[in-house]
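I opened the notebook to record what I looked up, entry by entry. The sequence and the structure come first.

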Amino acid sequence: MIRSVLAVLAGIATLTVASFAIEAVANPLMMRMFPRILPNQAAISHSLPATVFLFLYTALCVAGGGYVTAWVANRLRLRHAVIMGAIQVALTIWAMVSIPDQAPLANWIVGMVLIVPAAWC
């Protein structure tokens, strides 16, 4: 039981650290490369190319978190990865309710739809 909890926590920590690290580098770089299209941080969530890039790296980070979860769990790997994804969906819902103006509703919904399949992969 303890190993299962630690596996899920390790997966969530992995995807969170990786996602924030990519975002910390990618967002300022995109704003510098495309100043007319992305004049500020808020414009990133309203730009289709930037949003697609966000979905891609988020899916990769969630897949990495699912991999770490499965590796640490060492049994019922797929189940643990999907549980980690489901918990991440719940955390995303909490974030969406807490900071709804951070992104359009469609971005939140698409992100949540992609989380569990990405963790499963």
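**Entry 1: helix 1 and helix 4**

Which residues in helix 1 meet which residues in helix 4? I noted that the model is a predicted one before looking. On the helix 1 side I found S4, V8, G11, I12 and L15. On the helix 4 side I found H80, I83, M84, I87, Q88 and L91. Sorted by class, this contact of helix 1 with helix 4 has seven nonpolar, four polar and no charged residues.

Next I looked up the axes. Those of helix 1 and helix 4 come within 9 Å and cross at roughly 55°.

**Entry 2: helix 1 and helix 3**

I then turned to helix 1 and helix 3. Their axes come within 8 Å, and the crossing angle is roughly 155°. The cut-off for roughly antiparallel is over 145 degrees, and helix 1 and helix 3 are therefore roughly antiparallel to each other. Their crossing is right-handed. By class, the contact of helix 1 with helix 3 has 17 nonpolar, six polar and two charged residues.

**Entry 3: helix 3 by itself**

How many residues does helix 3 have, and how far does it reach? I found 26 residues, numbers 48-73. From the first C-alpha of helix 3 to its last, the reach is 37 Å, close to the 38 Å expected at 1.5 Å a residue.

I listed the buried residues of helix 3 as well. They are A50, T51, F55, Y57, C61, V62, G65, G66, T69, A70 and A73. What covers them includes helix 1 (2-33), helix 2 (41-44), helix 4 (77-98) and helix 5 (105-120). I also checked what follows helix 3 and found N74, whose phi is positive, near 65°.

**Entry 4: helix 4 and helix 5**

What angle do the axes of helix 4 and helix 5 cross at? I read roughly 165°, with the axes coming within 7 Å. That makes helix 4 roughly antiparallel to helix 5. The crossing of helix 4 and helix 5 is right-handed.

For the residues that meet, I wrote down both sides. Helix 4 brings L78, A81, V82, M84, G85, A86, Q88, V89, T92, I93, A95 and M96. Helix 5 brings L105, W108, M112, I115, V116, A119 and W120. By class, this contact of helix 4 with helix 5 has 16 nonpolar, three polar and no charged residues.

**Entry 5: two single residues**

Is G111 buried or exposed? I placed G111 in helix 5 first. Its relative accessible area is 18%, and the cut-off for buried is under 20%, so G111 counts as buried. I also looked up G111 with S19: they are 92 residues apart in sequence and 13 Å apart in space, C-alpha to C-alpha.

N27 was the other residue I looked up, and its place is in helix 1. N27 has a relative accessible area of 6% and is therefore buried. Which residues does N27 touch, not counting those up to four places away in sequence? I found Q41 and I44.

Definitions and conventions
Residues numbered from 1 in each chain as written. Predicted model: local features only at pLDDT ≥ 70, side-chain atom pairs only at ≥ 80, totals over all residues. Heavy atoms only, no water. Helix = DSSP H or I, 4+ residues; strand = E, 2+ residues; numbered from the N terminus. Expected span 1.5 Å × (residues − 1). Buried < 20%, exposed > 50% of the residue type's maximum accessible area, 1.4 Å probe, protein only. Contact = heavy atoms within 4.5 Å. Axes fitted to C-alpha atoms, helices over the stretch in contact; angles between N-to-C directions. Nonpolar A, V, L, I, M, F, W, Y, C, P; charged D, E, K, R; others polar. Parallel < 35°, antiparallel > 145°, perpendicular 65-115°, else oblique. Left-handed = near helix turned anticlockwise from the far one by under 90°.
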